[in-house]
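Q: Please take a close look at one part of this model, a loop and what surrounds it. Then set that part in the context of the whole chain.

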Amino acid sequence: MLKEFKEFVMRGNVLDMAIGIVIGAAFGKIVSSFVTDILMPPVGLLVGKADFSGLFVDLSGNNHPTLAAAKAAGAATINYGVFLNTVLDFLIVAFAIFLLIRQINRMKREPEAAPVAPTTKSCPHCLSSIHLEATRCAHCTSAI
């Protein structure tokens with residue numbers, strides 16, 4: 001059973017998938033940092049100097065000033081700012097994957113096949129189709 005498991009794990013598809021998952025996780029972290037640290041601060045500034053990751057609804061009714069204070073107090077919160085950041089992360093990752101797949105598909109496209117040279121011609125006497133190298137028509141027996 002151990003030998004069979006080793007063969008399964010060492011297949012090319014499993015290794016490719018594992019590498020893809022690791023690279024995808026690292027790419028996801030980069031995108032999350034890009035959204036949280038670079039993209040959202042200017043957007044928050046344009047919207048009204050709000051940090052989206054700090055936007056929340058306090059369900060306990062105690063009106064905590066920050067999300068960190070609400071979490072420290074153990075209050076139930078709806079963290080819609082974090083959700084917005086996560087949705088934006090997803091959209092950026094999906095768009096990046098779309099661009100990557102689009103480029104891969106462009107590179108994979110096979111060039112159009114050249115038109116095939118004709119192998120037959122028409123007999124000038126009976127208009128039957130005959131081979132290009134024929135010197136006599138097989139239908140009317142006239143010399144070509």
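A: Start with His64, which sits in the loop between β1 (57–58) and α3 (67–73). Helices here are DSSP runs of H or I with at least four residues, strands are runs of E with at least two, and both are numbered from the N terminus. This is a predicted model, in which local features need pLDDT of at least 70, side-chain atom pairs count only at pLDDT 80 or more, and totals for chains, interfaces and linings use all residues. Residues are numbered from 1 along each chain as its sequence is written, and side-chain values use heavy atoms, with hydrogens and water left out.

His64 has a relative accessible area of 18%, so it counts as buried. The classes are buried under 20% relative accessible area, exposed over 50%, and partly exposed in between, with a 1.4 Å probe and protein chains only. Which residues touch His64, apart from its neighbours within four places in sequence? They are Phe56, Asp58, Ala69, Ala70, Ala73 and Ala75. A contact means heavy atoms within 4.5 Å.

Asn63 lies in that loop between β1 and α3 too. Its relative accessibility is 66%, which makes Asn63 exposed. The backbone of Asn63 also stands out: phi is positive, about 50 degrees, although the residue is not a glycine. Most residues other than glycine have a negative phi. Thr141 is another case, with a positive phi near 60 degrees in a residue other than glycine. Thr141 belongs to the segment after β4 (129–131).

Now the cysteines. A disulfide is a covalent bond between the sulfur atoms of two cysteines. The rule applied here asks for a pair of cysteine sulfur atoms within 2.5 Å. By that rule the count is zero. Cys126 is in no disulfide, and its nearest cysteine sulfur, that of Cys137, is 3.6 Å away. Cys126 is partly exposed, at 31% relative accessibility. For Cys140, the closest cysteine sulfur is in Cys137, at 3.7 Å, which is too far for a bond. Cys140 is partly exposed as well, at 29% relative accessibility.

Next, helix α4 (residues 80–108), where Leu84 is found. Leu84 has 36% relative accessibility and counts as partly exposed.

Finally, the whole chain. The protein chain has four helices and four strands. From the N terminus on, the order is α-α-β-α-β-α-β-β. The radius of gyration is 34 Å, well over the 15 Å that the globule rule gives for 144 residues, so the chain is more spread out than a compact globule. That radius is taken over C-alpha atoms, and the globule rule is 2.2 Å times the number of residues to the power 0.38. The C-alpha trace spans about 105 × 55 × 25 Å along its principal axes.

Of the 144 residues, 13% count as buried. Among contacts with a separation of 6 or more, 25% are between residues 24 or more positions apart. The accessible surface comes to about 11,500 Å², and 67% of it belongs to carbon and sulfur atoms. These areas come from the Shrake-Rupley method with a 1.4 Å probe; for residues, only the protein chains shown count as cover.
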